Structure formats: C-alpha cells, structure tokens
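Please look over the sequence and the model shown here. The paragraphs below lead through the fold piece by piece.

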Amino acid sequence: MPDYLMGIDLGSTSLKSVVFDLEGRMVARASRPTVQFHPNPQHPEWTVWQPEQIWGDTAAAIRETVSQLDDPRQIRAVAVTGMGMDGLPVDSSGQWLYPFISWHDARTLPQYERWLGRVGLQKSFLIGGSPVWPINSVFRILWMAENEPEIMQRTAKWLLIEDFVNFMLCGKMTTDYSMASCTLLFDQRRRCWSDELLAAAGLSRSLLCELQPSGTFLGEIHGAASRQTGLPEGTPVVLGGHDHLCGAIPVGAFEPGVFLDVTGTWETVLATTDEPALDAKLVGTGLMVQAHVARDKYTAWGGNPAGDMLEWFRAEFGESFRPERTVPEPSQGMDSSDLPSSNGSEAGDIRAVAWEALIRSAAKTPPGARGVLFLPHLCGASFPVVDATSRGAFLGLSRRAGRGEIVRAIIEGLCFQFRDFVETLAARLGRAPERVITVGGATRNRFWMQTKADVLGRAVEVPEIEEATPLGAAILAGIGVGLYADERNAYERVCPQSHVYHPQSANQQLYDRTFAIYRQLYPLLADLNRKLAENE
C-alpha cells in the first residue's frame with residue numbers, strides 16, 4: 001500500500017485539499033471557493049471570512065479528496081498552508097468570537113497610522129523584518145481591542161487562519177516562524193515573540209500561539225475532525241507555513257541564487273538567505289524579511305496582489321462575454337482549475353468560458369495593447385513602494401481600446417510589476433538571480449507566462465508540477481513524520497521538469513521602452529491618488 005501525504009491550502013480564492021505520493025505526483029484533489037462576506041450594512045466595504053465557511057468547506061474538500069482514495073489510512077500525515085495575516089479571536093474553549101478580517105478590508109488604517117507615529121518603520125523592520133502594512137495581524141488585534149473590547153476581554157488566543165484549521169483538526173494552538181513573521185510582533189533574530197513590539201502594542205504574549213519551526217509534529221486528527229473530514233482518527237498533523245514559502249520547497253527555491261516568483265491571487269518574488277537581511281538601508285522599501293519554512297533559512301521578498309486584478313475585471317466585466325465554448329489554443333489557454341470550484345454548476349461553466357474568451361481576446365491583441373498601460377494598484381502598493389492610498393489606473397485609453405486591449409494591458413501591467421519586483425530585490429540584496437522560477441495558479445496561463453519572459457528579458461522556468469503550494473505543505477508533513485530526511489532530500493525525490501519560456505526579442509525591445517514609462521506611473525499619480533483616497 002503506497003504512502004501518501006496531504007497538503008491543505010487556504011487561499012483567498014479557493015480552499016484546496018490535495019494528496020500526493022512521495023514522488024510529488026498528485027493522487028487526489030478537491031476544492032471549494034473561499035467566500036468573501038460583507039456582514040455590516042453600515043460598513044459595506046468591510047470584508048471578512050466567516051470561520052464556519054472556512055472550516056466547513058475545508059472539511060468538505062478534505063472529505064471529497066479522501067473519498068477518492070482506496071484506503072484513507074494511506075495518508076501518513078497532513079499539513080496546512082495558506083495566506084499570511086488574517087486571524088481571529090477564540091475564547092478559552094476554542095470557540096471563535098469574531099470573523100477573520102480579510103486582507104481586502106481597510107478598516108485598520110487608523111491603527112496602522114498610529115503605529116507609524118508611535119513605533120515607526122525602523123524599529124518594526126529591524127526587529128520583525130516586516131514593512132508596516134495595514135494588513136499586519138497586529139492591527140486587526142488592535143482594532144478589535146478598540147472597537148470590540150468585550151470580545152477582547154473574552155479572547156484567550158488569536159489564531160492565524162492556518163492555526164485555526166490546525167486547531168480544528170487536532171486541537172493544538174501553535175504557529176510557525178513564517179506565519180509569526182506576518183504579525184509584526186516577531187523577533188527574526190531570536191525567533192521568538194518580541195517583548196519590545198508587544199509592549200509597544202500593549203498586548204500580552206499569552207494572546208499569541210506557541211512558536212515552532214515548520215515541519216514540527218503537532219498532534220493527531222481527533223474524533224470530531226475525523227467525522228467531518230473522513231481522515232482517520234490518529235492521522236498526524238504537522239505544522240506547515242506561509243503559502244508562498246511552502247511553494248518554494250518542491251522547486252528547490254530554498255537555497256541562495258534562485259529567485260522564486262509565486263503568482264496567484266497575490267504575486268511575490270523571493271530570494272533565500274542564510275541570515276535575516278535586517279539592514280537599516282532597507283527600512284521603508286516594502287521588502288519583507290521572513291523566516292523560511294526551510295529549517296534555519298530566511299527569505300527576503302516583496303509582493304502585491306496580481307491575479308486578484310484579473311479576477312476583479314472578470315467579475316465586473318467578463319461574465320457577459322459568453323461566446324460559444326471552444327478549446328483554447330495551446331499558447332493562449334487559461335486553465336480554469338485554479339478558479340473556485342463550481343461543483344458542476346452552470347455559473348462555474350460560464351465563468352470558465354469567460355476566462356477562456358478573455359484570454360483569447362488579449363492574446364489576439366498586439367504587444368503593447370495599442371498604447372494602453374495599467375498600474376495594478378487596486379489594493380494599494382506594498383512593494384517596491386509602500387502606499388496604502390495608491391490606486392490602479394489605465395493610461396492611454398482611446399476608442400481603439402476594446403476588451404482585448406484592456407485585458408492585455410492588465411496582464412502586461414502585472415508583468416511590469418513582476419519585473420520591478422525582480423530588479424528591486426536583486427538591487428537591494430546585491431545579488432542578481434541565477435535562475436527565475438515561477439509557480440502558482442497563474443502558470444497555467446501560457447500567454448501570461450510568455451509575456452513575463454518577454455517583459456523580464458530573461459528565461460522564466462515553470463516547473464511541470466501540479467499544485468506547488470500544497471505539495472510544499474505535504475513535503476513538510478513528510479519531513480515531520482520522517483518520510484523525508486529534510487528539504488533537500490524531498491526536492492531530490494520530487495525533482496520536477498520545467499518548461500522554459502524564453503523572451504522573444506522583438507517584444508522584449510518594446511517592453512523595455514514601456515517599462516521605463518511604467519516606472520513613472522506611481523510617482524506621477526501618488527499625490528492625486530492620496531487626495532482621491534480621502535473621498536472614499
């Protein structure tokens with residue numbers, strides 16, 4: 001009977017459960033959509049994840065995956081990965097008291113602004129390695145303390161979203177170093193909670209979870225979780241970590257010299273280091289220094305929403321575009337399997353058709369999108385500048401611009417953002433990449449990947465690997481129960497082949513010129529966007 005490992009991926013778009021064999025081949029998979037809620041009519045912009053939806057649909061995805069196996073006892077261990085900053089309060093019995101405040105939600109701006117004035121960028125970065133973002137976990141906690149004091153009085157622990165699912169699986173309240181790095185309360189050098197930053201926040205250390213390295217055995221699936229998920233009682237649960245770092249493990253991006261681009265709802269570009277790059281000259285640059293899920297490694301990275309930009313356009317303007325369904329050409333296809341599961345619904349089928357049609361229309365449009373240029377700051381800017389008031393923009397619109405030009409401009413704008421990430425990261429670390437590897441749901445979009453290579457002006461490797469992020473979590477599960485000796489041993493067993501996208505010289509020259517214009521957009525628009533943000 002072969003041994004299998006399960007990775008559970010809690011993303012902003014979907015909740016996935018994936019089972020792999022020890023060579024990294026996918027054996028079973030299921031997913032459910034991650035649903036945004038806006039429960040307060042007085043604040044329709046507030047956005048939350050409901051814990052009952054997160055856990056209920058994660059459990060349903062696990063149960064569906066388990067049902068595809070001959071024997072669920074083949075699953076030797078489970079680990080959870082996912083998004084970074086979103087958390088919720090629970091009482092002493094583990095009952096949740098308030099929904100997860102989503103990273104889409106800007107209600108924490110007052111707490112963020114006060115922190116900047118009281119603590120500042122330098123202390124925050126030199127201790128915790130993090131830029132100061134409104135989405136840092138500490139600001140959700142401070143918002144709760146100020147606006148829901150009765151809830152905070154009843155709160156025993158603050159659980160990040162992966163910690164919450166781990167608790168529902170095995171009853172343990174523990175977080176790993178990579179997730180703790182997202183809170184703005186972690187000491188990178190000492191790998192513990194920072195007394196200095198906790199004091200600045202006015203928070204007790206007891207509010208936060210115990211810290212352990214990724215790959216640590218947590219506990220076993222208990223009876224209630226077994227009944228809900230179909231996982232056998234006693235199945236080991238191992239501590240995973242932040243999604244983009246889990247995705248680094250199966251493609252070998254846990255050693256210096258490899259730049260890893262993770263493109264999904266968010267896009268991040270990261271480089272691995274042996275020591276935390278906590279240099280005063282990096283303060284305020286948007287660069288984040290984070291403990292890696294690989295043992296005794298660190299990473300430096302920057303990122304901003306990416307796929308979320310295309311999802312916004314599809315949701316607002318793409319559903320009405322419903323030509324007859326055709327098979328997309330190989331160079332243009334967008335695999336809809338990374339989209340939230342429709343469970344066979346007509347709406348889900350329409351959505352897939354809309355994606356395929358939109359990507360085809362973009363691919364038929366000439367490079368440069370007939371002069372249309374997009375600044376992808378619909379959710380503000382996090383790197384290489386930090387500006388929560390920055391907003392997206394289309395420039396160069398004319399009557400020649402149709403749907404195809406707009407979609408192509410969005411993809412090209414995201415690729416310019418990607419090039420900005422790579423060049424800025426290389427300059428700030430003083431090390432050019434030896435290889436650039438891309439993983440994530442967007443790699444299924446071959447048109448997008450070719451445009452990345454054209455814009456970057458160098459080869460981009462896309463490993464032929466299914467579901468790198470949950471596979472990374474599954475590998476950590478395997479390390480935790482001794483099926484792999486370490487990350488290197490696991491990588492050598494998985495060892496994926498790669499499809500390499502080489503830049504097309506004619507497009508590269510055009511994109512070099514346009515990139516110089518792209519870099520001017522933020523400085524030119526920053527003051528105007530700041531003023532417009534006051535009207536929101």
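Residues are numbered from 1 along each chain as its sequence is written, and side-chain values use heavy atoms, with hydrogens and water left out.

The predictor's confidence in each residue is given as pLDDT, from 0 to 100. The protein chain has an average pLDDT of 91, and 93% of the residues score at least 70. Residues 321-347 are a stretch where pLDDT stays under 50. The model has 55 contacts beyond four places in sequence for this stretch, a contact being heavy atoms within 4.5 Å. Where pLDDT is low, the predicted coordinates should not be read in detail.

A cavity is a set of points where a 1.4 Å probe fits but cannot get out, while a pocket is an open set with protein on both sides within 12 Å along at least five of seven lines; lining residues have an atom within 4 Å of a point. Grid points are joined across faces, edges and corners, and a volume is the space filled by probe spheres set on the points. Helices (H or I, at least four residues) and strands (E, at least two) are DSSP runs, numbered from the N terminus.

The largest pocket holds about 1,400 Å³ of space. It is lined by 50 residues, of which Trp103, His104, Asp105, Leu378 and Cys379 are the closest to its centre. At least two lining residues come from each of helix 2 (109-118), strand 18 (298-305), helix 11 (307-318) and helix 17 (505-533). Helix 11 gives the largest share, 6 residues. The lining of the largest pocket divides into 22 nonpolar, 15 polar and 13 charged residues. Here Ala, Val, Leu, Ile, Met, Phe, Trp, Tyr, Cys and Pro count as nonpolar, Asp, Glu, Lys and Arg as charged, and the others, Gly among them, as polar.

Across the whole structure, the search finds 1 cavity of 30 Å³ or more. The largest cavity has a volume of about 70 Å³. Helix 4 (137-147) and strand 8 (157-160) are the elements that give two or more residues to its lining. Among the lining residues are Ser137, Ile141, Trp158 and Leu160. The lining of the largest cavity comprises 6 nonpolar, 3 polar and 1 charged residues.

Helix 4 itself is mostly covered, with 8 of its 11 residues buried; buried means under 20% relative accessible area, exposed over 50%, and partly exposed in between (1.4 Å probe, protein chains only). Ser137 and Ile141 are among the buried residues of helix 4, as are Arg140 and Trp143. The buried residues of helix 4 pack against elements including helix 2, helix 5 (149-154), strand 8 and helix 8.

In helix 3 (residues 120-128), the buried residues are Gly120, Ser124, Phe125, Ile127 and Gly128. Their cover includes helix 2, strand 10 (186-187), helix 8 (195-201) and strand 17 (288-291). After helix 3 comes Gly129, with a positive phi near 80 degrees.

Two threonines can be taken next. Thr229 lies in helix 9 (residues 223-229) and is buried, with a relative accessible area of 0%. Its side chain reaches the backbone oxygen of Ala225 at 2.7 Å. Beyond its neighbours within four places in sequence, Thr229 is in contact with Trp55, Ala59, Ile62, Arg63, Val66 and Leu169. Thr365 lies in the loop between helix 12 (346-363) and strand 19 (373-375), and is also buried, at 5% relative accessible area. Not counting residues up to four places away in sequence, Thr365 touches Arg370, Gly404, Glu405 and Arg408.

Some backbone details remain. The peptide bond from Phe383 to Pro384 is cis, with omega near 5 degrees, and Pro384 is in the loop between strand 19 and strand 20 (393-395). Arg191, although not a glycine, has a positive phi of about 55 degrees. Glu467, also not a glycine, has a positive phi of about 60 degrees and is buried, with a relative accessible area of 7%.

Technical notes: Polar contact = N/O pair within 3.5 Å; in protein donor to acceptor, adjacent residues only side chain to side chain.
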